[in-house]
Amino acid sequence: MALSSHDGRVAPAPPVASDPSIGDLIGEISQDLSQLVRDEIELAKAEIKQESAKAGKAVGMLGGAGYAGHVALLFGSLTVVFALANVMNLAWAALIVTALWAVVGAVLYVTGRKRLRTVNLKPEQTVETLKEDARWARHLRS
């Protein structure tokens with residue numbers, strides 16, 4: 001419908017927006033979904049980067065703590081050597097402390113090796129889930 005202006009002329013009607021087609025709607029949804037996925041990936045990257053930095057600092061602190069513990073253990077062992085040297089020859093005291101640490105190391109090695117043999121790096125649940133997905137997909141085709 002045309003509208004008249006103040007001077008009596010008839011102005012053309014504004015163009016009527018046609019309804020978007022289903023193809024246009026699907027295209028817009030696809031673009032929106034793609035953008036949403038890209039945004040989620042960027043958010044995940046930012047979160048992982050932030051958490052990785054925190055983890056890196058924590059690992060550095062743990063490494064420092066391990067080194068400090070090693071130094072404390074070394075000086076503690078020297079203290080035991082010198083304490084034993086008050087009742088026996090210094091060489092025998094050092095040999096006894098060394099033997100004690102050799103036993104501790106051997107026990108830790110054997111225990112660690114036993115535990116390592118029980119580790120299964122194959123992701124059993126994931127493999128089973130993938131097999132189920134494959135069976136489901138084959139069922140759909142038949």
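Reader: How many residues apart are K54 and E51 in helix α1?

Author: K54 and E51 are 3 residues apart in helix α1, about one turn of the helix. Helices here are DSSP runs of H or I with at least four residues, strands are E runs of at least two, and both are numbered from the N terminus. This is a predicted model, in which local features need pLDDT of at least 70 and side-chain atom pairs count only at pLDDT 80 or more, while totals for chains, interfaces and linings use all residues. Residues are numbered from 1 along each chain as its sequence is written, and side-chain values use heavy atoms, with hydrogens and water left out.

Reader: What is the mean pLDDT of the protein chain, and which elements have the lowest and highest means?

Author: pLDDT is the predictor's confidence in each residue, from 0 to 100. The protein chain has a mean of 85, and 85% of its residues reach 70 or more.

Reader: In what order do the elements run?

Author: From the N terminus the order is β-β-α-α-α, for a total of 3 helices and 2 strands. Helix α1 spans residues 22-84, and helix α2 covers residues 90-117.

Reader: How many salt bridges are there, and what is the rule?

Author: Side chains of opposite charge can pair when their charged atoms come close. The rule asks for a side-chain nitrogen of Lys or Arg within 4 Å of a carboxyl oxygen of Asp or Glu. By this rule there are 3 salt bridges. In K54 and E51, the closest N and O atoms are 3.2 Å apart. K45 pairs with E42 at 3.6 Å, N to O; being 3 residues apart in helix α1, these two are separated by about one helical turn. R135 pairs with E128 at 3.4 Å, N to O.

Reader: What share of the protein chain is buried?

Author: Buried residues make up 3% of the 142 residues. S77 in helix α1 counts as buried because its relative accessibility is 13%.

Reader: Which residues does S77 touch?

Author: Contact means heavy atoms within 4.5 Å. Leaving out residues up to four places away in sequence, S77 touches V97 and W101. W101 lies in helix α2 and, with the same exclusion, touches L73 and S77. W101 and S77 are 24 residues apart in sequence and 9.1 Å apart in space, C-alpha to C-alpha. W101 is partly exposed, at 38%.

Reader: What makes up the nonpolar surface patch?

Author: Patches take residues with over 30% relative accessible area and no salt bridge; like charges are joined within 9 Å, nonpolar side chains (Val, Leu, Ile, Met, Phe, Trp, Tyr) within 5 Å. Accessible areas come from the Shrake-Rupley method with a 1.4 Å probe, and for residues only the protein chains shown count as cover. Here V87, M88, W92, L95, I96 and L100 make a nonpolar patch of about 610 Å². W92, in helix α2, counts as exposed because its relative accessibility is 54%. The accessible surface of the protein chain is about 12700 Å², with 67% belonging to carbon and sulfur atoms.

Notes
Buried means under 20% relative accessible area, exposed over 50%, partly exposed in between (1.4 Å probe, protein chains only).
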